[in-house]
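Let's take a walk through a protein model together.

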Amino acid sequence: MNPDTRERTEPVLTSDLPNDHSAVSVNCRNAPIKEPTNQNNNNNNDINVFRTKSKKTFKNALPQILAVSAKNCLLLTYGMTLGLPTIAIPALYSNSVSNITSVRHDDLLQLNKEQISWFSSINLICVPLGCMISGTITQPFGRKPSMIALTLPFILAWLLFHYASTVTQLYLALALCGLCGGLLEAPVLTYVAEITEPHIRGVLAALSSTTVILGSISQFILGNFFHWRKIVLFNTIVPVVAFISLLLIPESPHWLITKGRIAEAEKSLCWLRGWVQPDAVQYELSMLSKSIALNEEKVRMKKNKKFYTFYTRRTFLLPYFIITASFFFGSFGGTSTLQVYAVQIFETLGSPINGYTSTLVLGILQLMGGILGLLLIHWTGKRPLAIVSTLGSSLCFFVVSAYVFIKQYNEEIIINVTWIPLVFLNTAAFMTHISIRLLPWMLIGEVYPPNIRGQASGASGSSSYIFSFIANKSYFMVLDCINLSGTFLLYAIVSLIGCLMLYTMMPETEGVPLEDIQNHFADKTKTFVMKIERSDKIKDKKMWSATNPALELDHTETHI
């Protein structure tokens with residue numbers, strides 16, 4: 001994406017104003033706007049009124065929760081598109097492995113191995129394409145209209161799935177879902193960052209990943225009871241609900257100010273801060289206008305600078321390597337293909353419960369792993385969780401590989417322990433979602449310098465979808481070459497290598513100020529030093545809410 005375009009689409013988080021309202025930060029950078037020193041008593045009284053009315057009450061938070069929930073309906077739809085191939089593949093693949101899948105056999109359409117490999121992955125390769133043009137396309141129209149418009153392609157995609165009678169129609173529906181998922185990146189991310197106050201922004205932003213996982217799980221649940229063509233009809237309800245919900249929420253006040261629509265921005269802020277009177281938002285509105293003006297000036301000053309030089313420095317190359325490697329180990333470590341081909345894998349291994357129910361358990365444990373990781377991360381840090389996550393999943397895949405190997409040559413030995421693949425594959429999914437599947441999305445927002453964070457995050461995030469596409473597309477080819485036992489052994493080895501790499505090269509960034517993280521990566525002598533030294537100046541200040549990477553979401557490309 002063009003640097004100048006990206007700069008204009010990044011939000012200014014004026015709700016991160018200090019308690020004394022003495023300065024306002026632009027794009028979370030150190031560029032304060034000081035208040036005029038010649039303020040009179042009336043101005044001070046106005047500020048005091050603002051302080052009194054800006055309380056952290058449920059009434060203040062409720063409209064922000066409602067607005068984010070409306071946006072999350074779109075992410076729920078996107079999550080459903082990720083979960084659909086898992087329940088559709090057993091019905092569409094002509095070589096059913098059991099009578100259970102034949103009950104849901106699709107009489108209208110059957111796919112071969114090559115077609116299934118595309119069906120499982122084509123949406124993933126389309127997501128980066130949508131991400132690259134997301135900001136450019138959606139910025140002129142606004143956050144709210146863009147999100148509303150994207151509900152329509154999702155409805156069309158679900159209808160295409162339902163009536164699909166050819167492989168081309170299936171591919172087209174999947175490509176449309178992937179492209180829309182990428183286009184969601186800019187309006188969804190910036191809308192949440194621009195409308196929420198800092199004390200609830202972290203929680204509301206974290207709901208995005210959880211909502212996508214819930215979307216996938218909803219398909220696993222419905223797959224236990226209905227044919228996949230009926231399920232896609234049910235799925236059309238969600239984008240319709242999103243369409244109606246989005247009509248009822250206000251546009252981002254930040255975007256409105258950039259377009260000179262100050263009166264509408266004031267009305268939007270009044271709604272978002274708890275349906276308050278205009279005088280309660282005047283100070284925030286004023287600071288927001290000032291910071292946007294300063295940001296536009298900075299953009300103009302940067303137009304003549306050569307941005308490519310920043311991408312040749314250690315402060316980009318080393319973090320990019322760590323993040324991309326994390327995406328690689330997360331995708332090729334087994335869980336990407338395990339989720340897509342879960343029903344078939346469980347039934348091939350002779351799971352004591354049917355493949356659809358086993359897959360539902362898998363989805364629930366993925367969600368539980370993600371939630372547990374978010375709860376533990378502030379206590380343990382990222383490094384310990386990443387090591388436990390990769391090592392644990394590696395051990396689980398080693399066990400399953402040994403089970404499949406023994407089953408091939410002497411099935412009688414394991415006849416009483418058919419629960420082993422069910423338990424250990426689900427445990428592997430749980431372990432990966434504690435950290436390695438979510439870790440790179442968390443690192444993206446904190447390891448890059450602010451002047452290239454938007455572009456670098458986009459490049460890093462795109463690699464996740466590319467790796468997942470390759471992993472899913474090549475699954476049958478790998479299976480034919482080294483059989484199922486060898487495939488699980490490969491996953492175990494990749495996860496083990498990932499554990500060693502992260503142990504050797506990934507420093508602990510949790511709770512560390514961004515400036516210190518960047519200084520660490522810039523120092524050649526600290527490539528293999530895992531503890532980042534905090535500057536004394538930052539140590540002495542209690543700046544947790546300002547420096548916690550979980551709250552600096554305005555520059556992060558998507559973890560969808």
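What follows goes from confidence to the cores, then to rings, a threonine and the cysteines.

This is a predicted model, where local features need pLDDT of at least 70, side-chain atom pairs count only at pLDDT 80 or more, and totals for chains, interfaces and linings use all residues. Residues are numbered from 1 along each chain as its sequence is written, and side-chain values use heavy atoms, with hydrogens and water left out.

So how confident is the predictor? pLDDT is its confidence in each residue, from 0 to 100. The chain has a mean pLDDT of 80, with 79% of its residues at 70 or more. Helices here are DSSP runs (H or I, at least four residues), strands likewise (E, at least two), and they are numbered from the N terminus.

Now for the inside. Buried means under 20% relative accessible area, exposed means over 50%, and partly exposed is in between (1.4 Å probe, protein chains only). A nonpolar core is a set of buried Ala, Val, Leu, Ile, Met, Phe, Trp, Tyr and Cys residues joined through side-chain atoms within 4.5 Å. Which residues of the largest nonpolar core touch the most other members? They are Tyr78 and Leu184, out of 63 residues. H3 gives the most to this core, with nine residues. Leaving aside neighbours within four places in sequence, Leu184 is in contact with several residues, including Leu74, Tyr78 and Phe154. Apart from this core lies another, of 60 residues, with Phe161 and Phe397 among them.

Next, look for rings. Rings of Phe, Tyr and Trp (its six-membered ring) pair if their centres lie within 6.5 Å; planes under 30 degrees apart count as stacked, over 60 as edge-to-face and the rest as tilted. By this rule there are 20 aromatic pairs. Tyr93 and Phe476 make a tilted pair, because their planes are at 45°, with the ring centres 5.7 Å apart. Tyr93 sits in the loop between helix H3 (58-92) and helix H4 (99-103), while Phe476 is in helix H24 (residues 475-505), so the pair ties together parts that are 383 residues apart in sequence. Tyr93 is buried at 5% relative accessibility, and Phe476 is buried at 5% too. Trp271 and Trp275 instead form an edge-to-face pair, 5.7 Å centre to centre with 75° between the planes. Trp271 is partly exposed at 22%, and Trp275 is partly exposed at 38%. Ring pairs also link Tyr93, Tyr341, Tyr475 and Phe476 into a cluster.

Then find Thr390 in helix H20 (residues 382-409). Thr390 is buried, with a relative accessible area of 2%. A polar atom of its side chain lies 2.8 Å from the backbone oxygen of Ala386, and the side chain also reaches the backbone oxygen of Ile387 at 3.2 Å. Not counting residues up to four places away in sequence, Thr390 touches Ile436, Ser495, Cys499 and Leu502.

For Cys126, the nearest cysteine sulfur belongs to Cys177, 9.8 Å away. Cys126 is buried at 11% relative accessibility.

Note on methods:
A polar contact is a pair of N or O atoms within 3.5 Å; within protein, one must be able to donate a hydrogen and the other to accept it, and residues adjacent in sequence count only if both atoms are side-chain atoms. Contact means heavy atoms within 4.5 Å. A disulfide is a pair of cysteine sulfur atoms within 2.5 Å. pLDDT is the predictor's confidence in each residue, from 0 to 100.
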